[in-house]
Amino acid sequence: MPVRKIIAFASNDNEKNIDGNASERKRFRFSLFRPRRVDIVPLVFANPETQGLDAQTVKEWSLVLTARHLEHEIEDAADGYGIFVPSWLVKAAVREIRLYRHENAAKAREDTLLAMPKTVSNTQSVLGLWAAVTAFFIITGAPSHVLGYDIDWKSIGSGDTAAFLLGAWYRAVTPLFLHADVAHLFSNVATGAVFLTILCRHVGIGTGFFLSLATGVAGNVMKAILQGPGQHFIGASTAVFGMVGLLGGLFAMATPVRFSRKSLIPLGAALTLLAFLGSGGEESAGIDLAGHALGFAAGIILGLAEGMRQRRFGRTSFSMDMILGILALGITTAAWTAAVLG
């Protein structure tokens with residue numbers, strides 16, 4: 001008489017029985033023999049003392065194994081449910097469950113990073129602070145009379161690579177707050193408001209302002225080092241492109257597959273912004289493409305670093321976010337103070 005082997009998979013009936021009477025749950029039936037079975041739960045977690053699964057998790061795992069056509073059965077115990085498979089299917093079952101858990105964990109990290117909860121950032125707060133920065137942009141647009149002194153903001157704060165290389169460190173910061181004309185000011189304010197709002201939703205308000213300032217400063221520093229003396233520049237475009245780079249780095253680290261199509265979105269935004277600013281120049285000789293590119297590059301690097309930090313430690317705490325925001329304000333104040341005194 002030939003040996004008959006009845007192979008069964010966890011079905012909807014099994015899933016329903018998990019929440020019902022355990023004694024009514026269907027199990028595998030083998031007519032003449034029952035192979036050695038192994039509980040894969042401790043193996044998946046690589047911990048022999050792992051407790052059993054809850055009902056919802058065991059349902060999900062069972063569906064995964066069923067979709068991959070892997071024999072298994074569910075058994076309950078005092079500490080939860082176990083999933084048993086024949087010994088020759090252990091490696092395959094463990095591999096499938098680990099892949100499923102890895103994909104779910106990656107998606108959860110992506111959803112956490114890409115989500116825009118109101119508790120992280122308030123759009124009105126970001127735009128309010130950006131309006132204050134814009135007001136300072138307007139003040140520095142023309143000479144002012146402050147405390148009995150006539151201050152020509154562009155003269156003392158414009159970018160000058162020769163002066164920077166000779167020790168005027170503040171000229172890496174102050175040019176970000178100066179603009180050539182109204183059109184130049186409007187383009188940077190409008191585009192900066194959009195990208196800064198998105199950025200602050202992902203990293204926090206204080207952190208967003210600090211990272212934006214950092215990309216602008218880093219771009220100006222690299223410009224001075226790479227192009228040498230003789231370069232003069234003004235404008236927040238370097239920092240605005242830095243915001244786009246920051247978002248690119250953050251999105252690249254948020255996706256399960258690094259540098260997927262989603263990570264190319266900020267690159268497209270950067271090209272659009274470059275075309276938008278192409279109608280006017282930050283320098284008398286033309287557009288400061290080097291400043292744009294260097295600011296964007298600095299943003300990519302800092303965005304990747306922030307993305308990796310968030311994947312490991314989570315979002316910046318509220319207190320640290322406040323500290324970074326105050327630090328950004330302090331750096332700006334110190335730079336302009338040095339420019340005025342200098």
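These legends walk through several close-up views of one predicted protein model.

The model is predicted, so local features need pLDDT of at least 70 and side-chain atom pairs count only at pLDDT 80 or more, while totals for chains, interfaces and linings use all residues. Residues are numbered from 1 along each chain as its sequence is written, and side-chain values use heavy atoms, with hydrogens and water left out.

**View 1**
Helices (H or I, at least four residues) and strands (E, at least two) are DSSP runs, numbered from the N terminus. Of the 342 residues in the protein chain, 44% are buried. Here, buried means under 20% relative accessible area, exposed means over 50%, and partly exposed is in between (1.4 Å probe, protein chains only). The accessible surface of the chain comes to about 17,700 Å², and carbon and sulfur atoms own 65% of that. Such areas come from the Shrake-Rupley method with a 1.4 Å probe; for residues, only the protein chains shown count as cover. What about contacts, meaning heavy atoms within 4.5 Å? Among contacts with a separation of 6 or more, 76% join residues 24 or more positions apart.

**View 1. Inside the largest nonpolar core.**
A nonpolar core is a set of buried Ala, Val, Leu, Ile, Met, Phe, Trp, Tyr and Cys residues joined through side-chain atoms within 4.5 Å. Which of the 40 residues in this core touch the most other members? They are W130, F137, F177, L196 and F209. Two or more residues come from each of α5 (123-139), α8 (182-203), α9, α10 (237-254) and α13 (318-341). The biggest giver is α10, with nine residues. Look closely at L196: leaving aside neighbours within four places in sequence, L196 is in contact with V126, W130, G208, F209, S212 and M243. Another core, of 20 residues, lies apart from the largest one, and V58, L65, V85 and A93 are among its members. As a rule, nonpolar side chains tend to be buried together in soluble globular proteins.

How far apart are the end C-alpha atoms of α9? They are 33 Å apart, which agrees with the 33 Å that its 23 residues should span at 1.5 Å a residue. The expected span is 1.5 Å times one less than the number of residues in the helix. After α9 comes G228, whose phi is positive, near 75 degrees. L226 itself is exposed, because its relative accessible area is 64%.

**View 2. A salt bridge between two strands, R37 and E73.**
A salt bridge is a side-chain nitrogen of Lys or Arg within 4 Å of a carboxyl oxygen of Asp or Glu, and the structure holds four. The side chains of R37 and E73 meet at 2.1 Å, N to O. R37 lies in strand β1 (residues 37-39) and E73 in strand β2 (residues 73-77), so the pair ties together parts that are 36 residues apart in sequence.

**View 3. E96 pairs with R68.**
Their closest N and O atoms are 3.5 Å apart. E96 sits in helix α4 (residues 90-114) and R68 in the loop between α3 (55-67) and β2, so this pair links parts 28 residues apart in sequence. E96 counts as buried at 15% relative accessibility, while R68 is partly exposed at 48%.

**View 4. R309 and E306 within one helix.**
This salt bridge brings the closest N and O atoms to 3.0 Å. The two residues are three apart in helix α12 (residues 289-313), so about one helical turn separates them. R309 is partly exposed, at 26%, and E306 is buried, at 8%. Elsewhere, salt bridges that share partners join R37, E73 and E75 into one network.

Terms used
Contact means heavy atoms within 4.5 Å.
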